[in-house]
Amino acid sequence: MRVPRLRSMLGLSVAALLAACSGQPARPLPRAAQVDVPRFMGDWYVIAHIPSWPEREAFDAVESYAPREDGRIQTTFTYRKGGFDAPVKTMHPIGRVREVGSGAVWDMQFVWPIQAEYVIAWVSPDYQQTIVARSKRDYVWFMARTPQVSEQDYQAAIARIAALGYDTSKVRRVPQSSR
């Protein structure tokens, strides 16, 4: 009596797994044609994002990149959780530029051995604004060299994020003090 039920449950599980695997793959994520990695180094203020879990309540978020002697990129992410008066929190992931992608595709390692995809989907010609995305379309970051951008630049970035295939209703504008 239990064998038919087990077979039925197993059959449903296999069918669900096959259905999940047979979906259309996500369309390729556009990326910047060429990124001058040394020029990309330095401080980037997070203007807006679809946040990862630690960033959900970020204020004054800044991502800083610096080259390391071993060729990787030292990243320092600082933010205040929940308000401008909160203590500064810091994370130190390590980036690695992939050989493919003309400098636009990186791996970012927060915890060994896990590496997260990090794609520079767009960077302005003057390297003052950028959008970093992921093929899964789960997280995205619009960053600038200054803590504030014009409303026109913000709306243009949101339009670019939508064109990448993101649900922009999930985008959170990051409060930045005018440091």
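I looked up strand E8 first, residues 129–133, and since five of its five residues are buried, E8 is largely enclosed by the rest of the structure. Strands (E, at least two residues) are DSSP runs numbered from the N terminus.

This is a predicted model, where local features need pLDDT of at least 70, side-chain atom pairs count only at pLDDT 80 or more, and totals for chains, interfaces and linings use all residues. Residues are numbered from 1 along each chain as its sequence is written, and side-chain values use heavy atoms, leaving out hydrogens and water.

Which way do the E8 residues point? I found Gln 129, Ile 131 and Ala 133 on one side, with Thr 130 and Val 132 pointing the other way, all buried.

Next I checked the partners; strands pair if DSSP finds at least two bridges between them. E7 (residues 114–123) runs antiparallel to E8, joined by four bridges, and Ile 120 sits opposite Val 132. Their hairpin has five residues between the strands, and Tyr 127 has a positive phi near 55°.

On to E9 (residues 140–144): five bridges pair it with E8, also antiparallel. Thr 130 faces Met 143 there. Six residues separate E8 and E9 in this hairpin, and Arg 137 in the turn has a positive phi of about 55°.

Last, confidence: pLDDT (the predictor's confidence in each residue, from 0 to 100) averages 85 for the protein, with 83% of residues at 70 or more.

Methods. Buried < 20%, exposed > 50% of the residue type's maximum accessible area, 1.4 Å probe, protein only.
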